[in-house]
Amino acid sequence: MRYALLVYSDQSAWEALDPDEAARQRTESMPRWLALFDELGKADPNAEGHELDTAATARVVRVVDGERVVTDGPFAESKEQIGGLFVTSLDHLDEAIRIAALVPAAAYGSLEIRPIVEQ
Amino acid sequence: MTPDERHGSLEATFREEWPRAVAMLTRVLGDLALAEDAVQDAFTKALERWPRDGAPRSPGAWIVATARNGAIDRLRREQTFARKAELLGRLQDVPADEDADMSSIPDERLALLFTCCHPALAVETRITLTLREVGGLTTREIARAFLASESTIAQRLVRAKRRVRETGIPFRVPPDHLLPERVPDVLRVLYLVFNEGYAATAGDALIRRELCAEAIRLAKLLCVLMPDEPEAFGLLALLLLQDSRRDARIGNDGELVLLGDQDRARWDRAAIDEGLRVLRRAEAMRRPGPYQLQAVIAAGHASGADPAAIADAYAVLERFDPSPVVRLNRAIAVALAGEVEVGLEMLDELESLEGYLYLPAARADLLRRLGRVTEAAAAYREALARSDNEPERRFLERRLTEVSPAAS
């Protein structure tokens with residue numbers, strides 16, 4: 001089974017931090033991220049993970065009546081924005097839940113598990 | 001045997017053998033829907049052949065072997081199925097001996113139960129799937145029990161099996177470290193099945209009774225499959241003890257009769273004894289839990305225990321389960337133990353039960369006991385406004401008349 005693990009968190013809180021504090025928190029969370037990559041690597045050596053740039057960098061594209069409309073993001077009202085994602089092949093849902101709970105962001109944001117539809 | 005009796009005994013055999021066969025085939029095929037189709041085919045064949053040729057020596061083994069052969073035929077006809085060769089290979093390992101002893105066939109029912117009760121499924125779906133796959137009830141029987149159309153239930157089951165496959169819900173007994181979080185999910189589904197039959201919110205009494213009996217049967221199965229899980233025995237004890245009072249709960253005119261006013265001669269003594277035996281077995285494991293405590297409370301009611309002891313048991317239960325419903329019941333128990341005003345204060349702290357009928361009903365009762373009739377009448381009216389259950393309404397209306405000043 002392939003799963004997408006979508007990482008949600010409140011990025012505005014993160015962006016409001018002064019750079020030194022942000023750097024300190026990053027360093028502090030590093031061991032937890034390494035533990036995650038270790039477990040994920042064991043469960044699926046080919047797993048992919050990506051951190052996304054801030055929502056402020058987003059461009060939103062729609063085609064309206066055949067016209068291309070490009071606007072700034074973020075477009076959602078919700079405080080939590082997607083900040084990263086993993087795509088991984090795991091044995092079953094319980095395994096995906098176990099891995100998701102290891103993502104450090106699960107402690108201050110949330111992880112959404114979506115099975116990838118296979119044809 | 002009359003044809004009807006023969007059909008009845010076939011039905012009982014089917015319910016017994018269905019989960020064993022579905023579980024076994026799911027383990028091998030890795031897909032609940034494929035497994036169920038194969039087992040359904042085997043049962044259809046049984047329905048043709050057994051009345052004609054007589055039942056086989058080992059009905060369970062016959063079903064497994066026939067389902068296996070049917071699945072092999074089905075797979076061979078399949079042209080495009082990518083995993084065909086692999087699955088055919090695995091099916092070769094399924095016992096093909098129709099006369100085999102059932103003990104030689106691996107029992108995968110517990111894995112099936114955990115799959116059906118997986119928290120990734122909606123609660124309603126878990127209940128339906130459990131009744132179908134583990135209970136062996138037909139779609140029609142489930143539809144009757146829930147006053148739903150057969151097609152609604154059939155659709156729900158199709159979606160459920162697709163959901164299990166597409167989200168990768170595992171077919172397994174969870175590892176030990178996950179059991180404390182997953183066992184309560186299973187217990188809850190069985191409890192909800194029972195409650196659906198017991199609460200009688202609507203529908204035919206006989207069908208409801210069958211639902212309670214089915215929940216008890218499934219709880220017994222869980223005790224067989226998890227003999228070291230005290231909460232499984234706690235749940236079974238609780239269901240038996242509650243069920244023992246079923247007949248006494250409804251009066252001659254169909255009105256609800258409260259525990260204190262029930263005719264004890266109408267309690268089912270055998271069910272109480274069995275419940276108490278099962279509870280002792282749970283308690284001997286010395287790992288208390290919420291179902292055991294509820295069973296302790298139910299046992300206390302059944303044996304006419306000191307009301308203060310029952311109130312104490314609720315205090316312990318509240319530590320395991322501080323939900324508003326438990327707190328409400330504790331408040332009532334405290335009041336019944338003589339401390340009516342303390343009970344009333346505890347009720348007044350429960351603001352979070354908006355829309356829950358039993359809060360105003362309980363308040364009304366305690367106010368009545370304190371002689372505060374005007375407030376009691378207001379609370380009875382509030383409870384009446386929330387109830388659509390006929391026996392309950394009659395009970396509340398009678399009490400409302402009692403606390404209202406006689407009409408001049």
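Select B:A376 and show its contacts: beyond its neighbours within four places in sequence, it touches B:A364, B:L367, B:R368 and B:V403 (contact means C-beta atoms, placed from the backbone, within 7 Å). Keep in mind that this is a predicted model, where local features need pLDDT of at least 70 and side-chain atom pairs count only at pLDDT 80 or more, while totals for chains, interfaces and linings use all residues. To find your way, residues are numbered from 1 along each chain as its sequence is written, with chains lettered from A and ligands numbered from 1 in the order in which they are written.

Is B:A376 buried or exposed? B:A376 is buried, with 23 other C-beta atoms within 10 Å (20 or more counts as buried, 12 or fewer as exposed, and in between as partly exposed). Colour helix α18 of chain B, residues 373-386, and you'll see B:A376 in it (helices are DSSP runs of H or I, at least four residues, numbered from the N terminus).

Next, pick domain 4 (306-353) and domain 5 (355-408) of chain B; the bounds come from an automatic or database domain assignment. Their C-alpha centres lie 19 Å apart. Here 11 residues of domain 4 of chain B meet eight residues of domain 5 of chain B. On the domain 4 side, α16(B) gives the most, with five residues.

Finally, hop to helix α2 of chain A, residues 19-43. Look for a bend of about 40 degrees at A:M30, with the proline A:P31 following within four residues (the bend is the angle between axes fitted to the seven residues ending there and the seven starting there). Two of the 25 residues of α2(A) are buried, so this helix lies largely in the open.

Conventions:
Expected span 1.5 Å × (residues − 1). Contact = placed C-beta atoms within 7 Å.
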